[in-house]
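Hello,

Here is the structure we talked about handing over. Please open it alongside this note; what I found follows below.

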Amino acid sequence: MLAAPNKQNRPLFAAKDINEFYLENCPKIFPQDSSPFSSVANLVNTLRGPKYYGNFLHSIVKEKLGDTRLHQTLTNIVIPTFDIKRLQPTIFSSYKVKNNPLTDALLSDICIGTSAAPTYLPAHYFETKDPSGKVREFNLIDGGVAANNPTLVAISEVSKAINRESPDFFRINAMEYGRFLVLSLGTGTAKSEGKYDADEAAKWGILGWLTSDHSTPLVDVFTQASGDMVDFHISTVFQALNSEENYLRIQDDTLTGTLSSVDVATKENLENLVKVGEELLKKQVSRVNLATGVFEPINKMTNEEALRKMAKLLSKEKHLRAAKSAVGNKIGRCSCT
């Protein structure tokens, strides 16, 4: 939604609007059952189908995004999903939509598909049609099952765009990661809590892996493993190239209780999550210890200071590209006269 245009061709949402959007809409997306028998009802629902029908999520996303399609985003975006019919990831990328018009789907369909977390929300089906009339079907679930940390997917798409000599990038070696500037924002984990152990997991059957500790251990395991492997890989590459300052990963792995849940959308829990984010800005920049998997402070700079530093670098780069582009256009006009 940050990259979707409004009627004035400006961002539909500013970053500062996100908290208010979630505080207002999360309780409707994940309605809470406060009855004495809620845990039993949730278990029955889990056995019968997804925990939530997703009606409100679908309606609010379609209302906000309307008929906007992938090619209309204000900046380049990459959104991973997983197609359960093809049993493979499907990447919606504005970098390649021109060459693959069948991926030029409605942003609302892409967002609903990549939000369809197994056991929580239903899978999403839709079709696209290219100018020749060819139709493609999509049967999508949450992209997190394939790329819970989509950073590597984004780097891959940018590298391919550079290889295709996209006008968005000046000529560099696509594998020259020292020239990349990467910001990766995590959504928080309960890694430090030690939520599960082998003695407990050894007793689980299907229900245990799906419902233990008011959570879904099977989903937790897959998403955490996927996210961590990407972080390990990128951290290793950037450190090996002495470019570790070019990779900023902001993550809180100390969440506990309902703070680490997917769907506890009570007013208290949502407000506490806002506080976690505000406190995370004040914490020191940390980097994953490749031996232990734990985030450890690396210097006295806070995440907020690091973000400001990165924003200045991006702004400088934007002005530099604009200046070079203007010179190139001027030369082009002169050569044509």
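**The open sheet**

Strand β1 (residues 78-83) runs antiparallel to β2, and six bridges join the two. In that pairing, Phe82 stands opposite Pro89 of β2. Keep in mind that this is a predicted model.

Four strands make up an open sheet, ordered β2-β1-β4-β3, with antiparallel pairing. The edges are held by β2 (88-93) and β3 (124-129). Each has a single partner strand, so one side of each is left without a neighbour in the sheet. On average, neighbouring strands are turned by 45° against each other, direction ignored.

A helix covers this sheet. α4 (residues 107-114) lies across β1, β2, β3 and β4 (135-141). Its angle to β1 is about 60°.

The largest nonpolar core has 29 residues. Which of them touch the most other members? They are Leu70, Phe92, Leu107 and Ile110. Two or more residues each come from α1 (18-29), α3 (55-65), α4 and β4. α3 gives the most, with four residues.

Leu107 deserves a click. Beyond its neighbours within four places in sequence, Leu107 is in contact with Ala4, Leu65, Thr68, Arg69, Leu70, Thr73 and Ile77.

Another core lies apart from the largest one. This other core has 11 residues, among them Ile162, Val182, Val230 and Ile234. As background, nonpolar side chains tend to be buried together in soluble globular proteins.

**The parallel pair**

β5 (residues 182-185) and β6 pair in the parallel sense, over four bridges.

Now the side chains of β6 (residues 247-250). Tyr247 and Arg249 point one way. Leu248 and Ile250 point the other way. Are these residues buried or exposed? All are buried. In a regular strand, side chains alternate between the two faces of the sheet.

**Thr189**

Thr189 sits in the loop between β5 and α7 (198-201). Its relative accessibility is 8%, so Thr189 counts as buried. Leaving out residues up to four places away in sequence, Thr189 touches Gln224, Gln251, Asp252, Asp253, Thr254 and Leu255.

α9 (residues 217-240) has 24 residues. At 1.5 Å a residue, α9 should span 34 Å; its end C-alpha atoms are 34 Å apart, which agrees. Just after α9, Asn242 takes a positive phi of about 55°.α10 (residues 267-282) has 16 residues. At 1.5 Å a residue, α10 should span 22 Å; its end C-alpha atoms are 24 Å apart, which agrees. Asn269, Leu270, Val276 and Leu280 are buried in α10. These residues cover an arc of only 105° around the axis, which puts them on the same side of α10. Lys267, Glu268, Glu279 and Lys282 are exposed on the other side of α10.

Best wishes

Terms used:
Residues numbered from 1 in each chain as written. Predicted model: local features only at pLDDT ≥ 70, side-chain atom pairs only at ≥ 80, totals over all residues. Heavy atoms only, no water. Pairing = 2+ DSSP bridges. Axes fitted to C-alpha atoms, helices over the stretch in contact; angles between N-to-C directions. Contact = heavy atoms within 4.5 Å. Core = buried A, V, L, I, M, F, W, Y, C linked by side-chain atoms within 4.5 Å. Buried < 20%, exposed > 50% of the residue type's maximum accessible area, 1.4 Å probe, protein only. Expected span 1.5 Å × (residues − 1). Arc of directions from axis to C-beta.
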